[in-house]
Amino acid sequence: MATSNGADVCLTGICRSYGDVQVVRDVNLKASGGEILALLGPSGCGKTTTLRMVAGLVQPSAGDITIDGASVTGLPVHRRNLGMLFQNYALFPHLTVLENVAFGLSMRGVSRAETAERARQALALVRLTGFEDRMPAALSGGQQQRVAMARAIVYRPRVLLLDEPFGALDKKLREEMQIELRQLCNELGLTTILVTHDQEEALILADQIAVMRGGRIEQVAAARVIYERPVSHFVADFIGTSNFLPAAIVEKMGGRTVLKSPQGAIFVSTVPNDFSAQDRVAVAIRPESVRLTAGSAPAAANTLSGTIRRSLFKGQILSIWMEFAAGAELVVSVPIEEAGARSPEPGETWTARWSEERTLVVREQ
Amino acid sequence: MSRADIIDVPPPLSPDTGVAGASSEGGRLEGMASRLVGAAWSLLAGRYTGYLLVAPTVLFLAVWFLWPVLTMVHLSLTAHSVDGVMIEGFTLENYARLFASDLYFRILMRTIRIALMTSLFAALFAYPLAIAIARGGPTLARLVTITILAPLLVNVVVRSYGWQTILNKTGALAWVLKLLGVSNPPVLLYTEWAVLIACVHVYLPFVVMPLAGAIGRIDRTVEEAARVAGATRFSVFLRVILPLSLPGLAVGVSLVFSLSAAAYVTPQILGGNFSPLLGTLIEQQILTLNDWPFGAAISTLLIAMVLASNLVFLKLVSRRFARWTAGAR
């Protein structure tokens with residue numbers, strides 16, 4: 001993370017309803033200077049509405065938004081000094097690339113000479129020198145995205161807001177732009193709030209990820225923590241894929257949590273969690289955490305034996321479905337290099353094991 | 001796809017040649033001929049679909065519009081009246097007379113002035129209304145649409161007499177102004193202002209509707225991007241909505257200009273004899289003075305004027321607009 005001059009953005013108890021429908025419920029968030037915060041969630045989870053409230057395009061029904069400690073809740077959009085990127089770029093179709101970028105400066109009454117100079121610098125920053133006099137319609141999607149980026153950063157906004165900025169780009173270009181954007185944000189030390197439904201994008205771009213669901217924040221944590229220690233079934237399912245095994249906490253001692261499944265299997269987790277025996281929880285296992293060995297094995301913690309049902313070649317990995325109890329399957333990812341000569345075939349009996357550090361305890365809905 | 005799939009075309013017709021009787025041979029030829037005609041037809045229809053679709057309208061207009069107009073132009077060039085006596089033969093006398101006489105020239109200028117002013121005022125009033133239709137809620141949009149379309153539902157004569165009762169010396173407007181303390185309220189009836197007010201009233205929808213369409217097509221996120229970038233609502237209008245709605249405005253203003261330049265009933269009733277427009281002049285020449293060639297010349301001039309101004313105006317706007325979509329893929 002950059003050492004930064006970016007602003008601190010703070011959302012406190014933000015709510016928004018349309019009629020009887022509550023779109024955003026009691027959202028509390030903080031993006032510190034220079035940090036990239038991703039609002040991640042499925043469509044309709046309230047992430048875009050939350051971003052639009054920061055921008056001032058939507059007024060919160062309750063709660064307060066501050067930037068660097070000063071409330072902006074009542075401040076009109078044009079006085080918030082923010083930069084924003086839209087999914088469809090939203091360039092001004094009647095203005096040239098340079099005029100598009102210069103727009104924010106001319107709204108701020110910057111002199112003509114300085115406006116042109118700074119607009120050119122911003123275009124250079126997004127590597128679009130030479131495109132000044134083109135019209136937006138004559139540019140490719142990636143180029144339009146860069147113009148939008150230059151337009152948003154040219155007047156040195158306090159915060160950069162990104163609304164699904166790469167949704168319209170193809171996969172390869174999207175990845176390029178993501179890396180470029182991350183570098184640019186870090187270089188400029190801009191506090192950035194990103195809205196996305198793409199977990200990969202959130203993991204690549206964000207320092208902090210806030211997973212939203214039904215208008216609420218489900219979990220806020222660093223990208224890596226979110227992936228390695230999801231608190232709920234929803235988060236574990238939304239970020240990466242997981243096997244969910246119903247289980248109840250039997251005992252907790254010294255950082256170890258012991259759980260028991262309805263079928264009697266024992267799971268042990270050393271991942272810290274805040275749950276007690278009364279909580280409805282499940283054990284979540286990432287497919288890539290599981291190791292397979294041929295044959296069955298005696299009952300032990302974090303061990304399941306079963307029959308291979310299907311296997312699917314996915315390029316770098318082999319996905320294998322193992323039925324360990326009637327109707328209950330475990331999905332396992334085996335890297336192709338590790339599969340070797342003896343890969344599991346349907347009908348065979350194999351044993352799955354995983355370590356205690358990879359055993360996640362998550363809240364069930 | 002396998003090879004068998006690729007070569008699986010309908011079997012050739014040759015096997016039954018010579019085997020079947022003459023009658024079946026004839027039937028087959030007939031079938032082929034009709035198929036050939038069908039193919040030719042569909043080829044033609046495919047290539048000329050556009051022309052075929054507009055053909056009925058074009059024919060109708062050619063017979064009922066283009067031909068009469070040409071006859072009119074012809075008449076204006078082949079005869080003129082001297083002291084009430086019609087003289088045949090090619091002449092530009094009618095046009096010379098139109099520009100030579102101070103009276104006629106003033107009427108021409110007044111017509112252009114009123115048409116321009118009507119367009120201008122209609123455009124000014126149209127923007128807020130069009131924005132309300134395009135950006136307001138569905139109820140507001142419907143309400144505004146009905147309100148501005150309402151004058152079109154009323155017969156032009158009724159509507160004009162309605163304005164007369166409002167604008168005359170003892171009319172509603174004078175009454176209200178007196179109540180407000182204006183001691184000597186202006187009488188608008190039989191002035192250009194009366195004509196202007198009535199024209200703006202009735203022609204407003206012709207500019208509001210295309211304008212609302214154009215504004216509705218402006219991406220809302222473009223406006224939002226402008227606001228986030230620091231534009232006040234007024235700047236958003238000036239820098240985004242106004243330029244992007246120009247094509248719609250151009251269509252609307254062209255319509256209003258054409259309609260008000262050619263207006264007859266409204267100026268006749270509300271402008272009276274003190275401020276006649278070209279329409280009134282034409283009526284006088286043809287119906288009262290029986291000078292058809294001169295009436296035809298005025299009509300020709302009116303049509304040429306409206307056509308030329310529309311072409312120039314729309315060309316300017318479309319050239320500007322083409323730039324925005326240049327190289328669009």
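Start by selecting Val157(B), Val158(B) and Thr165(B): these residues of α6(B) are exposed, meaning that 12 or fewer other C-beta atoms, placed from the backbone, lie within 10 Å of their own. You are looking at a predicted model, where local features need pLDDT of at least 70 and side-chain atom pairs count only at pLDDT 80 or more, while totals for chains, interfaces and linings use all residues. Residues are numbered from 1 along each chain as its sequence is written, with chains lettered from A in the order in which they are written.

Now select the whole of α6, residues 156-167 of chain B. Helices here are DSSP runs (H or I, at least four residues), numbered from the N terminus, and strands are runs of E, at least two.

Which residues of α6(B) are buried? Colour Arg159(B), Ser160(B), Trp163(B) and Leu167(B); buried means 20 or more other C-beta atoms within 10 Å. Look down the axis of α6(B): its buried residues fall within an arc of 95 degrees, so they line one face of the helix. The arc is taken from the directions from the helix axis to the C-beta atoms.

Show their neighbours too: the buried residues of α6(B) pack against α5 (138-153), α7 (172-179), α8 (192-217) and α11 (265-271) of chain B.

Finally, display both chains. Here 21 residues of chain A are in contact with 22 residues of chain B, contact being C-beta atoms, placed from the backbone, within 7 Å. On the chain A side, select β6 (82-85) and α2 (97-107), which each supply at least two residues; α2(A) gives the most, with 3 residues.

Definitions and conventions. Two residues are in contact if their C-beta atoms, placed from the backbone, lie within 7 Å. The expected span of a helix is 1.5 Å times one less than its number of residues.
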